[in-house]
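Reader: I would like to request a close look at a single part of this model, with its surroundings described in some detail. Please keep to one connected account.

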Amino acid sequence: MSPSHPGMNPLGESAFRENEFRILVLAPYSNDSRLSAEFLRKAGLSALACRDCAEMCSLIATGCGGLLLAEEALGQGAAQQLTAVLQNQPSWSDMPMVVITGNGDAAVRDIILASLGTVGNVSLIERPFRPATLVTTFVAALASRRRQYQVRSLLAERENMVASLHEADHRKDEFLAMLAHELRNPLASIANATKLLKTASDIESHTWATSVIDRQVRQLAHLIDDLLDVSRITQGKIRLRMAVLDAATILDRACESVRPLIAKRHHRLTCDYSQGSLWLEADATRLEQIINNLLTNAAKYTPDGGHVILSAVLQGAEVVICVKDNGMGIPPQRLPEMFQLFTQGERSIARSEGGLGIGLTIVQKLTELHHGSIEAQSEGADLGSTFTIRLPAASTPPAREATAPVTPVAAPFVPRRILIVDDNVDSAHGLGRLLGRAGHHITLAHDGAEALAQMQTRSPESIILDIGLPGMDGYEVARRIRNDEQGHKVQLIALTGYGQEEDRQHALRAGFDHHLIKPVDVAELKKLLSLPHAQGRGKE
């Protein structure tokens, strides 16, 4: 919306605003208009003389604070012409008009004023008048005009806010649809594999079904991790573990992670970078996540049999990493929004690999946390795309003396008395069966009170405790265990769906030794259970 008349602002916005308090002057003779404008300028006001009513109507569209009109200049249809222009004022505008009267035909004057009064804020000054009266009248009129501009700003802010809310709501609906789609796919696979396990008895079917369940559970965990990453990043809760490293090593690891998808889509992956020349200070895990996301996107958005190129080079004080593909490309109008949350390419049944539309947001935010930048380029649809990351280079670290590798000696297995506390009965029994098969002695509880009772009667050596218990939550249970005389000897492991950093810190403050997130890596859990309680207190 133009600040004065929609679609009628021929100047740039800054030029228009310079004219917002300008007074346009129209008298029956050009010399009278010029002298009146000069008088107003000497009084400290901005004023411009108009040759005729047509010019005044044209200048109104370029910015105007008020009009000074002589009654005699409004004859021969001029008043009607001005009225037609002012009828197009936006809702916030009430154009101040000062009309000098006194010499013309009273009947004609009444017709003119009646016409202007329907579209503007008209003030009359009758001749003769003191010059100061004209100045004070316009000072008041411009003050009113300033308030109108404030209303305009508020309306524009409201309009932008409403548009943003509509866009956010639209993105939310799209995201929920995508989330439902991405969750239903692995759930459907798990459901089919579970039915096969129930009905089939051959080893091949059981092996295939368990492989599907394991793979799809990891996919679900990956989706949840992505969502949590977005939450952490947008709230500024990501903490990087920075170290000087060779980016080539991280690029190698990312390539290995994505090779199964590359092979599945029959793509060709070309790696163009050298070892030992791409030193930078970064969080190795997060940098691998950045590259892995870009390579995965390239593989998913490139039709089968495509070509993906990962290259990196040292350019001055920057390490420049590029992921290029010859896939579906990005339409020019979509490029500016590629890194916005929940944005992705057009979805269709044929392109069910879309994901949640949060991967590129994570990539951009993590890159910025590394004091770098990322740029997306594409010539258009079906012309491929290139994502370029620029990160500050670091000095080559000093060479380290080679040391003989130390082969770890596996600790002998020692069975433990383990109490598993979880209100989800299936989860508790499932984990109990897994640890029981490993040789541990398992006791189950499904709420805090039962856990404290089992603590007294069973004397467990380790307690795996859910946080979201009914009634008494896991934090309170942990505090009560630690306050008990024998509770100081127990290994406390939080196993929970609450995975934010503040959740981990809260757990450690409550007395937990470790904080694990569902679904748990059973191998990691077994490793923790093999540790003496004195080791690793407060670890994750």
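Reader: Which strands does α3 lie across?

Author: α3 lies across β1, β2 and β3, and it runs at about 170° to β1. Such angles lie from 0 to 180 degrees between N-to-C directions, with axes taken as lines fitted to C-alpha atoms, for helices over the stretch in contact. The model is predicted, so local features need pLDDT of at least 70 and side-chain atom pairs count only at pLDDT 80 or more, whereas totals for chains, interfaces and linings use all residues. Residues are numbered from 1 along each chain as its sequence is written, and side-chain values use heavy atoms, with hydrogens and water left out.

The helix itself comes first. α3 spans residues 53–60 and is largely enclosed by the rest of the structure, because 6 of its 8 residues are buried. The buried residues are C53, E55, M56, C57, L59 and I60. Here, buried means under 20% relative accessible area, exposed over 50%, and partly exposed in between, for a 1.4 Å probe and protein chains only. Helices (H or I, at least four residues) and strands (E, at least two) are DSSP runs, numbered from the N terminus.

At the start of α3, a side-chain oxygen of D52 comes to within 3.3 Å of the backbone nitrogen of A54. A polar contact is a pair of N or O atoms within 3.5 Å; within protein, one must be able to donate a hydrogen and the other to accept it, and residues adjacent in sequence count only if both atoms are side-chain atoms.

The cysteines in this part deserve a separate remark. The structure holds 0 disulfides, a disulfide being a pair of cysteine sulfur atoms within 2.5 Å. C57 accordingly takes part in no disulfide, and the nearest cysteine sulfur, that of C53, is 4.0 Å away. C57 has 8% relative accessibility and therefore counts as buried. For C64, the closest cysteine sulfur belongs to C50 and is 8.2 Å away, too far for a bond. C64 is also buried, with a relative accessible area of 1%.

β1, β2 and β3 belong to an open sheet of 5 strands in the order β2-β1-β3-β4-β5, with parallel pairing. Its edge strands are β2 and β5 (residues 121–126), each of which pairs on one side only. Neighbouring strands of this sheet are turned by 20° against each other on average, direction ignored. Two strands pair if DSSP finds at least two bridges between them.

β1 covers residues 23–26 and has both faces covered: I23 and V25 on one side, and L24 and L26 on the other, are all buried. Towards β2 (residues 47–49), β1 is joined in parallel by 3 bridges, and L24 stands opposite L48. Towards β3 (residues 66–70), β1 pairs over 4 bridges, again in the parallel sense, and L24 stands opposite L67. β3 in turn runs parallel to β4 (residues 96–101), to which 4 bridges join it; the bridge partner of L68 in β4 is V98.

β1, helix α2 (residues 30–42) and β2 make a right-handed β-α-β unit. A crossover is right-handed if, with the strands pointing away from the viewer, the path from the first strand over the helix to the second runs clockwise. S30 has its place in α2 and, at 55% relative accessibility, counts as exposed. The C-alpha atoms of S30 and A49 are 7.7 Å apart in space, while the two residues are 19 apart in sequence.

Finally, the setting of this part within the protein chain may be noted. The secondary structure of the chain comes to 15 helices and 17 strands. Buried residues make up 44% of its 540 residues. Among contacts in the chain between residues at least 6 apart in sequence, 71% join residues at least 24 apart.

Notes: Contact = heavy atoms within 4.5 Å.
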